[in-house]
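Please look through the report below with the structure open beside it. It goes from strand pairing to aromatic rings, then to charged side chains and a surface patch.

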Amino acid sequence: MRFRTVIGSVLASTMVAAVGLVATAAPAAARDTATLIQGVTGVVDTAAAGGRVFVSANDRIVVADAHGTLTGSITGLAGPTGLAVTPDGNRVYAALSGSNEIAEIDAATLTVVRRINLAAYPSPANLSLDGDQLWVGYGIKNDFVGGVLGLDLSLAAPTPVQVATRMYGAPLVAGAGNTVFTAEAGINPASPRVYDVSTIPATLRGVIDGADNDLSNLTDLTITPDGAQAISVFATSGFDVWDTTTLTKVRSYGSRADYPGSPGAIALSPNGAHVATAFYGSSYGPYAEVYNAATGAKTLQAQMTYKGDLVTGSLSVLGDDLYALLNDWPYNRYYLWRVEGAVLPTSTLSLSATTAATALDPFTMTGRLAFPNDSAPGAQPIEITRTLPNGTTATLPGVTTAEDGTFTVTDTSPVGGSVNYTAIWDGSPAFRWSKTTTKVDVAQHPTSLLVTGPTTGNATKPLTLTGQMSTAGNVPTPASGSIVVYRVYTNKHGSVGADLPVVPLVADGSFTITDTPPVAGQYTYHIRFDGDATYAYAYTSQVVTVRGASS
């Protein structure tokens with residue numbers, strides 16, 4: 001809902017050079033977590049710097065460390081909304097819509113050190129910090145009494161300097177250099193305004209026509225540190241880059257056709273090399289995407305497992321990670337969403353089986369960890385997890401890559417079927433973590449049946465057949481199993497079949513079939529083991545010619 005923080009970057013120049021370039025590589029994934037923010041009834045905004053993330057809630061500002069762990073809070077605040085933070089993280093500024101103030105907070109002590117009265121400018125809500133200059137978007141919902149003002153924070157008692165007036169609600173604002181970029185949310189179409197603030201009063205440089213550019217449903221905006229370019233986020237048009245001198249569109253990041261949901265937030269990485277975006281998500285939770293500022297290539301796409309809806313405009317970048325807020329409105333719960341390593345260069349993992357896989361027999365898989373600059377990863381730990389068809393998981397003994405990133409892992413699956421193997425590298429300060437999953441079709445372990453016994457017999461006399469199940473290799477027989485016997489009696493009038501009682505397997509794989517043929521004829525005993533998750537089906541038969549009953 002505001003410009004994130006002051007950042008040193010080369011974004012303005014790289015975006016101009018990147019016009020017309022198209023992404024060609026598939027985006028990578030990233031890990032994410034969601035931390036429940038307890039004790040609040042609403043959340044609005046984030047700001048991040050100095051190793052911490054600040055979250056404006058209903059009556060406080062919640063503080064988290066870079067891991068997303070909540071570490072403290074600043075209370076006694078009346079309706080904090082928009083936040084801004086100095087690049088070193090030492091000072092935090094909060095728009096207090098409930099008391100018409102700007103609060104200046106010492107981040108080290110988490111105490112309010114100054115309150116700037118804005119009684120004449122109702123409901124300050126959106127902030128943008130550029131050095132000592134704080135730009136404030138204020139206004140009342142559903143009314144045209146809003147506007148933008150500037151505050152010189154270097155003064156002991158800053159006097160508000162009006163920039164824009166008669167705007168709908170509290171406009172979003174982003175200021176840098178001699179430029180202020182502002183637009184109204186909640187009015188459609190919305191026409192962003194660009195002001196030159198090198199003079200007092202500010203000069204309207206121009207208006208970007210919202211109708212001509214299909215600009216509806218504004219969710220966020222930001223600006224490059226030199227003020228040369230601004231990025232607006234509209235649900236209808238996406239992430240559009242504007243030249244703040246000519247007011248022409250320079251480019252867009254991504255395209256509406258390829259977005260995974262509705263555009264909801266934007267932030268720039270500290271070095272200006274990355275454009276981070278967030279979406280409400282077309283299904284089951286929000287997404288984050290990162291684009292290379294120089295090429296326009298999408299380098300990351302991450303989806304949050306559903307824990308709520310994205311809070312509009314709440315995206316921030318801290319180090320290599322993204323942070324945003326989630327509103328799980330059916331349960332009145334709120335979360336701080338962290339996407340880990342989102343702006344780091346990608347690493348890739350591969351894993352595949354190199355030999356045929358059979359249950360209970362060892363087989364080999366090979367893989368490789370690779371970096372985008374083709375540098376040698378050296379010895380890196382890889383974690384391998386096996387998931388059986390029934391969902392049971394097990395972590396295999398860890399493996400370590402060779403100097404060139406290759407590795408080998410051997411496993412023995414206890415069952416057949418589609419077995420999934422997941423390899424994870426935990427990442428480094430230089431490269432994003434990576435993960436790959438491969439499916440291995442594991443065959444059931446082969447079995448065979450051998451049956452011995454008489455080939456002739458007499459009607460009404462007991463007949464005994466003995467059998468043995470065998471398995472290839474040094475493999476035990478099933479711990480519990482049975483043999484199915486189907487008897488077919490044949491004479492000149494035809495054939496009649498009947499199921500005999502199931503025959504249990506003994507621990508050593510042996511079994512005994514006992515039957516008493518009632519009349520003379522040919523008897524065929526069809527003998528089978530139906531298999532299980534581990535062992536394969538096996539079949540054999542025995543033909544016995546039965547004579548008439550003897551005395």
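This is a predicted model: local features need pLDDT of at least 70, side-chain atom pairs count only at pLDDT 80 or more; totals for chains, interfaces and linings use all residues.

In β42, Gly494 is the bridge partner of Asn491. Together β41 and β42 form a hairpin, with two residues between them. Strands of a sheet pair through backbone hydrogen bonds, and the pairing may be parallel or antiparallel.

How many of the six residues of strand β42 are buried? The number is zero, so β42, which covers residues 494–499, lies largely in the open. A residue counts as buried when its relative accessible area is under 20%.

**A sheet of four strands**

Another part of the chain holds an open sheet of four strands in the order β14-β15-β16-β17, and the pairing is antiparallel. Which strands stand at the edges of this sheet? They are β14 (172–176) and β17 (203–207); each has a single partner strand, so one side of each is left without a neighbour in the sheet. On average, neighbouring strands of this sheet are turned by 20° against each other, with direction ignored.

The pairing of β14 with β15 (residues 179–183) is antiparallel and extends over five bridges. Within it, Ala174 has Phe181 of β15 as its bridge partner.

**Aromatic rings**

A pair of aromatic rings is described by two values, the distance of the centres and the angle of the planes. The structure holds 10 aromatic pairs. One of them is formed by Phe239 and Phe279, which are edge-to-face, with 5.4 Å from centre to centre and 80° between the planes. This pair links distant parts of the chain, since Phe239 is in strand β20 (residues 238–243) and Phe279 is in strand β23, 40 residues apart.

Tyr489 and Tyr523 are both buried.

Phe239 and Phe279 also belong to one aromatic cluster, together with Tyr259.

**Salt bridges**

Side chains of opposite charge can pair when their charged atoms come close. A salt bridge is counted here when a side-chain nitrogen of Lys or Arg lies within 4 Å of a carboxyl oxygen of Asp or Glu. By this rule there are 13 salt bridges. The table gives some examples.

| Lys or Arg | Asp or Glu | N to O distance |
|---|---|---|
| Arg115 | Glu101 | 3.0 Å |
| Lys249 | Asp240 | 3.6 Å |
| Arg487 | Asp515 | 2.9 Å |

Arg115 is partly exposed, at 39% relative accessibility, whereas Glu101 counts as buried at 17%.

In the salt bridge of Lys249 with Asp240, Lys249 is partly exposed at 39% relative accessibility, and Asp240 is buried at 0%.

The salt bridge of Asp515 and Arg487 links distant parts of the chain: Asp515 is in strand β44 (residues 510–515) and Arg487 is in strand β41, 28 residues apart. Asp515 is buried, with a relative accessible area of 9%. Arg487 is buried as well, with a relative accessible area of 14%.

Some salt bridges share partners, and in this way Arg91, Glu104, Asp106 and Arg114 are joined into one network.

Which residues make the nonpolar surface patch of about 430 Å²? They are Tyr284, Tyr306 and Trp329. Tyr284 lies in the loop between β23 (274–279) and β24 (287–292). With a relative accessible area of 67%, Tyr284 is exposed, because exposed means over 50%.

Methods. Residues are numbered from 1 along each chain as its sequence is written. Side-chain values use heavy atoms; hydrogens and water are left out. Two strands pair if DSSP finds at least two bridges between them. Axes are lines fitted to C-alpha atoms, for helices over the stretch in contact, and angles run from 0 to 180 degrees between N-to-C directions. Patches are made of residues with over 30% relative accessible area and no salt bridge: like charges are joined within 9 Å, nonpolar side chains (Val, Leu, Ile, Met, Phe, Trp, Tyr) within 5 Å. Accessible areas come from the Shrake-Rupley method with a 1.4 Å probe; for residues, only the protein chains shown count as cover. Buried means under 20% relative accessible area, exposed over 50%, partly exposed in between (1.4 Å probe, protein chains only). Rings of Phe, Tyr and Trp (its six-membered ring) pair if their centres lie within 6.5 Å; planes under 30 degrees apart count as stacked, over 60 as edge-to-face and the rest as tilted.
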